[in-house]
Amino acid sequence: MTATPGAQERPNSSRFVDKTVVLTGAASGIGRASAVLFAGEGAKVVGLDIDADGLAQTGNTIAAGGGEFTALTVDITSRDACHAAIAEAAKMYGSVDVLANIAGIARSEHIVDVTEEQWRLMFGVNVDGMFWLSQAAIPHLLESSGNIVNIASNAGLMGQAYTVNYCATKGAVINLTKAMAMEFVKTSLRINAVAPGGTDTSLVANFAIPPDVDFELMGRYTSARGFSQPEDLANVIAFVASDDARAIHGAIVSADNGITSG
Ligand SMILES: NC(=O)c1ccc[n+]([C@@H]2O[C@H](COP(=O)([O-])OP(=O)(O)OC[C@H]3O[C@@H](n4cnc5c(N)ncnc54)[C@H](O)[C@@H]3O)[C@@H](O)[C@H]2O)c1
């Protein structure tokens, strides 16, 4: 059996030299793995997250590998904080080449139990942050012929019981991506989404399902092939963000081990 190359072992290891990559969710999971991969391939990475300690750990990992990483502690539900973070990244490095909107939160609950605060927070993190960061970054990305990679989910492509709030946000991510792609279809700016399925991160580890759900309804939301590792998703995100994917625009790239195929 051939080993799958990990993020650090890619033969093509310099796709992001001289590129500035701004990404959210950099303190954990898929965002951290992506930050490490981008930095390992030469990018100047600006990592945004609400979790300052997690960002520091990501920074230590990248520094140990000789990469460049700037941590910005930001709550991406705030429009002004998103605009300020992009302005800071652009000022620091002179350009923004990639915006990867990776941060997200998830919860499982019965529809009747969703509070207004929970509903709005989920949209605030999963959709609003992505929109405000994109809005602020687009002028820079147009200048650099850069691109945006939004993280959706298999949950945005199929109806799932007990996660209606999450599904609604990820459905919004998918059509936000397509609509933005259409607005810029005549430019060199590319805008895509990656839609992961179950991935071994703290989001999944902390995913508490109400005790009285009908598990027959939930079985089809996981793959018979098991969970991906965060590095697997980082590989897909980096590919979509790289020039290798120059023909990909307005696409929803599934990386869900087949969940949405049948
Ligand atoms: N893990 C999975 O199975 C899975 C499946 C499909 C999609 N996704 C998506 O992948 C993305 C990354 O998730 P993950 O699995 O790596 O989870 P994770 O919990 O490991 O990482 C999410 C990060 O988002 C950050 N974050 C949360 N609220 C924030 C805020 N207000 N401002 C800034 N940062 C904030 C967290 O601090 C955390 O570092 C999410 O968009 C998630 O919906 C994950």
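How do α4 and α5 lie relative to each other, roughly parallel or roughly perpendicular? Their angle is roughly 15°, so α4 and α5 are roughly parallel (under 35 degrees; roughly perpendicular is 65 to 115). This is a predicted model, where local features need pLDDT of at least 70, side-chain atom pairs count only at pLDDT 80 or more, and totals for chains, interfaces and linings use all residues. Residues are numbered from 1 along each chain as its sequence is written.

**Helix α4 with helix α5**
- Helices here are DSSP runs (H or I, at least four residues), numbered from the N terminus.
- The axes of α4 (residues 116-144) and α5 (residues 164-183) come within 9 Å, an axis being a line fitted to C-alpha atoms over the stretch in contact, with angles from 0 to 180 degrees between N-to-C directions.
- α4 brings residues including Trp119, Phe123 and Phe131 to meet α5 residues, among them Tyr166, Leu176 and Met180 (contact: C-beta atoms, placed from the backbone, within 7 Å).

**Helix α1 with helix α2**
- α1 and α2 (residues 52-64) pack at about 25°, axes 10 Å apart.
- Arg32, Ala35, Val36 and Ala39 of α1 make the contact with Thr58, Thr61 and Ile62 of α2.

**Around the ligand**
- Ser28, Gly29, Gly104, Thr201 and Leu203 come nearest among the 31 residues around the ligand (near: C-beta atom, placed from the backbone, within 6 Å).
- α1 (29-40) and α6 (202-205) each give that shell at least two residues.

Notes. Two residues are in contact if their C-beta atoms, placed from the backbone, lie within 7 Å. Angles under 35 degrees count as roughly parallel, over 145 as roughly antiparallel, 65 to 115 as roughly perpendicular and the rest as oblique.
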